[in-house]
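I have opened a new page for this structure and will jot down what I look up, one spot at a time. Have a look along with me.

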Amino acid sequence: MKEINTKTEHIELHESGIVVCSVNKLAYMELEDGVENLNAIREISNGVKVPVLVDILASKGASKECREYFASPDAAEIQSACALLIKSPLSRLIGNFFIGLNKTIFPTKLFTDKQEAMGWLKTHL
């Protein structure tokens, strides 16, 4: 399993071909963090478009510019789909906010169960 740590995330490429990103506890992402994380996904996947699970359970959120970047054509070049793993009211708020305000050009869905999210992402391999 390949792994990369950035300032705000731990990123792993699982043998299934799905990239799992775990946002660091209480991390708040600015645009430069989003760029760093997307570049890490591109590096870990060898530039191949992959489904991505993002665990935002411990996240404090992301700036408007960062959220826009995650929904941009740049993100669509490397992500075939994105599942956001949520649990707390804050992470649900962040996830709904991301999906509602930043329409992605790839499938994006909120999940409270990691296995369910991984199953959905496998359909986007």
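I take helices (H or I, at least four residues) and strands (E, at least two) as DSSP runs, numbered from the N terminus. I number residues from 1 along each chain as its sequence is written. The model is predicted, so I keep local features to pLDDT of at least 70 and side-chain atom pairs to pLDDT 80 or more, while totals for chains, interfaces and linings use all residues, and side-chain values use heavy atoms, with hydrogens and water left out.

**Entry: Thr8**

I found Thr8 in the loop between β1 (2-5) and β2 (9-13). Is Thr8 buried or exposed? Its relative accessible area is 3%, so I note Thr8 as buried (buried is under 20% relative accessible area, exposed over 50%, partly exposed in between, with a 1.4 Å probe and protein chains only). I also see a polar contact of 2.9 Å between the side chains of Thr8 and Asn37. By polar contact I mean a pair of N or O atoms within 3.5 Å; within protein, one must be able to donate a hydrogen and the other to accept it, and residues adjacent in sequence count only if both atoms are side-chain atoms. Leaving aside neighbours within four places in sequence, Thr8 is in contact with residues including Ser22, Tyr28 and Asp33 (contact means heavy atoms within 4.5 Å).

**Entry: helix α5**

Next I turned to α5 (residues 114-122), where Ala117, Met118, Trp120 and Leu121 are buried. These four lie on the same side of α5, because they cover an arc of only 160 degrees around the axis (the arc of the directions from the helix axis to the C-beta atoms). The buried residues of α5 pack against β3 (19-23), β5 (50-55), β7 (79-85) and β8 (108-111). On the face turned away from the buried side I noted the exposed residues Gln115 and Glu116. Asp113 caps the N-terminal end of α5, with a side-chain oxygen 3.2 Å from the backbone nitrogen of Gln115.

**Entry: the cores**

Which residues touch the most other members of the largest nonpolar core? Among its 28 residues, I found that they are Ile11, Val19, Cys21, Ile41, Val52 and Val54. A nonpolar core is a set of buried Ala, Val, Leu, Ile, Met, Phe, Trp, Tyr and Cys residues joined through side-chain atoms within 4.5 Å. Helix α1 (31-44) is among the elements giving two or more residues to this core, and α1 gives the most, with four residues. I also noted a second, separate core of eleven residues, including Val20 and Leu121.
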